[in-house]
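I am keeping these notes while I look through one chain, and I write down each thing as I look it up.

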Amino acid sequence: QVQLVESGGGLVQAGGSLRLSCAASGSIVMINNMGWYRQAPGKQRELVATVTSRGSTNYADSVKGRFTISRDGAKRTIYLQMNSLKPEDTAVYLCNAMVLAVASVREYPYWGQGTQVTVSS
């Protein structure tokens, strides 16, 4: 069993900052890519940022220069530092990880339950 638990969401004014965390736990052999996605009401889920096991990062154009993803391999945790937040960043933010679990023959994607980020204007 693999669990991803997010924390750090909340309500912030436009221009403010938040830091999200996502910790993976359970019967894990290896974690490859990890990332953050978000889903606003009535919209499709979209990629925010990803980080590989080697630390290479990728960002959506809409968050480049404002958001920073980082990873602590030893803690199996990723973070998303969000600065200069805008009302359009309001969404449920979900953590994703490609995990090779114990007794599995390949990686599978796992998702956290999501954390709400609300940016007021």
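**Two loop residues**

I looked up Ala103 and found its place in the loop between strand S9 and strand S10, the latter covering residues 108-111. I note at the start that this is a predicted model, and I read every entry with that in mind.

Next I checked the backbone of Ala103, where phi is near 75 degrees, a positive value in a residue other than glycine. I wrote beside this that most residues other than glycine have a negative phi.

Is Ala103 buried or exposed? Its relative accessibility is 84%, and since exposed means over 50%, Ala103 counts as exposed.

I then turned to Ser84, which sits in the loop between strand S8 (77-82) and strand S9 (91-101). Its phi is near 50 degrees, again a positive value in a residue that is not glycine.

I moved to strand S1, which takes in residues 2-7, and asked which residues make up its covered face. I found Val2, Leu4 and Glu6 on the covered face, while Gln3, Val5 and Ser7 belong to the uncovered one.

I also looked for the partner of S1, and recorded that six bridges join it to strand S3 (residues 18-26), with the two strands running antiparallel. Within this pairing, Val2 stands opposite Gly26 of S3.

**The whole chain**

How many helices and strands does the chain have? I counted up zero helices and eleven strands, and reading along the sequence gives the pattern β-β-β-β-β-β-β-β-β-β-β. The radius of gyration is 14 Å, close to the 14 Å that the globule rule gives for 121 residues, so I may call the chain as compact as a globular protein of that length. For its extent, I noted that the C-alpha atoms fill a box of roughly 50 × 25 × 20 Å along the principal axes.

I looked up burial as well, and buried residues make up 40% of the 121 residues. Among contacts between residues at least 6 apart in sequence, 57% join residues that are at least 24 apart.

For the surface, I wrote down that the chain exposes about 6,500 Å², of which carbon and sulfur atoms supply 48%. My last entry concerns charge: there are 12 positive and 7 negative side chains, and the centres of these two sets lie 4 Å apart.

Methods. Residues are numbered from 1 along each chain as its sequence is written. This is a predicted model: local features need pLDDT of at least 70, side-chain atom pairs count only at pLDDT 80 or more; totals for chains, interfaces and linings use all residues. Side-chain values use heavy atoms; hydrogens and water are left out. Helices (H or I, at least four residues) and strands (E, at least two) are DSSP runs, numbered from the N terminus. The radius of gyration is taken over C-alpha atoms; the globule rule is 2.2 Å times the number of residues to the power 0.38. Buried means under 20% relative accessible area, exposed over 50%, partly exposed in between (1.4 Å probe, protein chains only). Contact means heavy atoms within 4.5 Å. Accessible areas come from the Shrake-Rupley method with a 1.4 Å probe; for residues, only the protein chains shown count as cover. Lys and Arg count as positive and Asp and Glu as negative; His and the chain ends are not counted. The place of a charge is taken as NZ of Lys, CZ of Arg, CG of Asp or CD of Glu. Two strands pair if DSSP finds at least two bridges between them.
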